[in-house]
Amino acid sequence: MEVNLISDTVTKPSKGMLRAMLQASVGDDVFKEDPSVNILEQEVLDLFGMEAALFFPSGTMANQTAIKLHTQPGDQLICDHYAHVYNYEGGGVSFNSGVSCRLIQGDQGRISASQVESVINPPDFYHSPKTSLVCLENTTNKGGGAVYDFNEIKAIRKICDKNDLALHLDGARLWNALEVTPEDTKDYGRIFDTISLCLSKGLGCPVGSVLVGSKKHIHAAVRIRKILGGGMRQAGYLAAAGSFALRYQREDLNDDHRKARELEDVLKKSNYVNKVEPVSTNIIIFSLKVDKDEMIFIGKLKEKNILLISLGKGKLRMVTHRDYSQEQHNYVLTTLIKMNDYV
Ligand SMILES: *Cc1c(COP(=O)(O)O)cnc(C)c1O
């Protein structure tokens, strides 16, 4: 038995999902003639109460497209220093859009309205880049699955309106946030100009993301997606997986969250652990006591067939997901407790 806690992207499609994929009716989506893609896009735009939606092969491409929509070369976007768009999209912000990032040291990847306000460049001061976009991430990835307080998002929206800035949400794991907060999808749809959503994280699809926004933005996004090479043909086989996940697999995220809390509890009580970042959803980030070597720790768990990763700077990460069974979970909890004796 190998237990993979490296990411929630390691899942394989469930039997029901595979069946839905096989039964999908498909067409050429580049000509907008794939019924399954059209259905998924309609479902997601309805869910968020937004005008339009577009299916993408990856969350990275959906974010990169959104950034391109909201900026001109030379502009600057504002994000947390942990942001995925800054750290993990291969420098696409500058490669694709020619923009720079103004980084904010937030709290577990979350930034505040006052922090945003304090880093907006004066619009008439042509020596500095023009600030045109704010990118938030909910839940935060590198920040350990932290969830925004919706009031803070509202306050950020106000600052954006006052300063004529667009507001994009990297909602790769927004599904996780929605399970643990009172707000619903329409609340998010009302606030953001664009939202990117991953289907291939906690929801368990093999591939796929969706960008939602206004008709005008999504119309422009079709061209940008094509330029980036993201126009796919019979993509309905993949979109059908997305529709299935949205219908039948969203609630399962709560199980991932419970398991993550239980891992947090055990780690907090372990003598080899220095600190566990507060766990809100399915990501657990922790550090070891100074005299413990993290690579040796990872190696010891690997010998026990438990896989996790280092985020560097002494931080370790585990992510729970739908293929992490209760049996595996019991085994991991027991193993972590046993590690007290021999780490
Ligand atoms: C996974 C992820 C993405 C998109 O990643 P892809 O691997 O390109 O699908 C974007 N933002 C965040 C926060 C993520 O965790």
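Biologist: Why does Asn 305 count as partly exposed?

Modeller: The classes rest on relative accessible area, with buried meaning under 20%, exposed over 50% and partly exposed in between (1.4 Å probe, protein chains only). Asn 305 has 37% relative accessibility and therefore counts as partly exposed. This is a predicted model, in which local features need pLDDT of at least 70 and side-chain atom pairs count only at pLDDT 80 or more, while totals for chains, interfaces and linings use all residues. Residues are numbered from 1 along each chain as its sequence is written, and side-chain values use heavy atoms, with hydrogens and water left out.

Biologist: What is the phi of Asn 305, and where is this residue found?

Modeller: Most residues other than glycine have a negative phi, and most peptide bonds are trans. Asn 305, however, has a positive phi near 65°, and is found in the loop between helix H13 (294-303) and strand S11 (306-307); helices (H or I, at least four residues) and strands (E, at least two) are DSSP runs, numbered from the N terminus. Lys 313 likewise has a positive phi, near 50°, and its place is in the loop between strand S12 (309-312) and strand S13 (315-319), where Lys 313 is exposed with a relative accessible area of 87%.

Biologist: Which peptide bond is cis?

Modeller: The bond from Asn 138 to Thr 139 is cis, with omega near -5°, and Thr 139 lies in the loop between strand S5 (131-137) and helix H7 (150-163).

Biologist: Which residues of helix H1 are buried, and how should I read their placing?

Modeller: An α-helix has 3.6 residues a turn, so residues three or four places apart point the same way. In H1 (residues 15-22), the buried residues are Gly 16, Met 17 and Met 21. Seen down the helix axis, these fall within an arc of 140° (taken from the directions from the axis to the C-beta atoms), so they line one face of H1. The face turned away from that buried side carries the exposed residues Lys 15 and Leu 22, while the cover over the buried residues includes helix H11 (236-248).

Biologist: Which residues does Ser 112 touch?

Modeller: Contact means heavy atoms within 4.5 Å. Leaving aside residues up to four places away in sequence, Ser 112 touches Glu 152 and Ile 156. Ser 112 lies in the loop between strand S4 (100-104) and helix H6 (113-118), and counts as buried at 19% relative accessibility.

Biologist: How many helices and strands does the whole protein have?

Modeller: The secondary structure comes to 14 helices and 13 strands, and buried residues make up 55% of the 343 residues.
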